[in-house]
Amino acid sequence: MSRGGDMVYIPDDSDFSSFRDQCESLEGWHCRYNKAGVTVWSQGQEESCTVQKIKTRISCKDVPAETLYDVLHDTRYRKKWDSNMIETYDIGRLTVNADVGYYSWKCPSPLKNRDFVTLRSWLPLGNDYMIINYSVKHPVSPRPAPALTGVLPTWASRHRQGWAAAWAHSELHGISLQKYPPRKDFVRAVSLQTGYLIKANGAGGCILYYLTQVDPRGSLPKWVVNRVSQFVAPKAMKKIYKAGLKYPEWKRKHDPGYKPWVYPEQNTLPSVSLAELSVQHADSLENIDETGLPEDHLSTSDHEA
């Protein structure tokens, strides 16, 4: 979704309009799954291609659009229903409707787990709602090393002299140190474009679209691509639907008035400047080869759709 180069931008109306069109259009999309109210499409790529564009749709009876919008924003509640999530947290706010966040995802075994740092933006539009994101990195511009006080990030806490030396090296060679760098226990993947479109259907329910184009930074076996469309994606959509049904009752017991995605004055995240961010290019990250992993090692839970 980035517009090329390293320039980070906050999506505008044209970006949201383009995303909506992609969700609603059938042109160029190939149906891969259509069962029990869930449809999955892929677009424009061979099955052997690692970077695929996948789109899913589910009809959510008795879940208003605004409720599902809250479900997808509420990180506290996500821990209750998203069994694929390992960790998620917000890093900082850019505007009243844009922030930067971290998400790590439990991949179907035996694949290595992935994580992301993304710029996310959202837009309520009448009775419809959109949330979209793409990958960024959060470098620290070269400048004199600041004093390290308080709780330090893991990459700076090991030794203060090492931190100062690394900072001096970056200043000398024009290298930017990176906050939230790739971790050894995850493969840092790249979201080229990912998001949700939630459309009210006028009958107290809604239709949810999820569209994603992700570079997993790895050569994946063909069976993984098939598994995503046939099992992983449908299962994920059903989980969101069930989470929407249960959310009102849960929210009544957990700070019901707190919705910073609706009431920006409640947002206490530190401010982040666009100038601090750059686009996360896939070719700057480690690429691993998982093509030899056999399908028969896939865990039983991953087959449930």
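Residues are numbered from 1 along each chain as its sequence is written, and side-chain values use heavy atoms, with hydrogens and water left out. Because the model is predicted, local features need pLDDT of at least 70 and side-chain atom pairs count only at pLDDT 80 or more, while totals for chains, interfaces and linings use all residues.

**Salt bridges**

Side chains of opposite charge can pair when their charged atoms come close. The whole structure holds 12 salt bridges (a side-chain nitrogen of Lys or Arg within 4 Å of a carboxyl oxygen of Asp or Glu). Among them are these:

| Pair | Closest N to O distance |
|---|---|
| Lysine 199 and glutamate 24 | 3.0 Å |
| Glutamate 87 and arginine 183 | 3.4 Å |

Glutamate 87 sits in strand 4 (residues 85-95) and arginine 183 in the loop between strand 8 (177-179) and strand 9 (187-188), so this pair ties together parts 96 residues apart in sequence. Helices (H or I, at least four residues) and strands (E, at least two) are DSSP runs, numbered from the N terminus. Glutamate 87 is partly exposed at 32% relative accessibility. Arginine 183 is also partly exposed, at 32%. Buried means under 20% relative accessible area, exposed over 50%, and partly exposed in between (1.4 Å probe, protein chains only).

Salt bridges link Arg20, Glu24, Asp128 and Lys199 in a network. Glutamate 24 is partly exposed at 35%. Aspartate 128 is buried at 12%.

**Serine 121**

Serine 121 lies in strand 6 (residues 114-125). Its relative accessible area is 0%, so serine 121 is buried. A polar atom of its side chain lies 3.0 Å from the backbone oxygen of asparagine 97.

**Helix 2**

Helix 2 (residues 65-73) is largely enclosed by the rest of the structure, because eight of its nine residues are buried. The buried residues include Leu68, Tyr69 and Asp70.

**Second largest pocket**

This pocket holds about 260 Å³ of space. Of its 15 lining residues, Thr75, Asp90, Tyr258, Pro260 and Trp261 are the closest to its centre. On a 1 Å grid over the protein atoms alone, a pocket is an open set of points where a 1.4 Å probe fits, with protein on both sides within 12 Å along at least five of seven lines; lining residues have an atom within 4 Å of a point. The volume is the space filled by probe spheres set on the points, which are joined across faces, edges and corners. Helix 3 (75-81) and strand 6 each supply at least two lining residues.

Definitions and conventions: A polar contact is a pair of N or O atoms within 3.5 Å; within protein, one must be able to donate a hydrogen and the other to accept it, and residues adjacent in sequence count only if both atoms are side-chain atoms.
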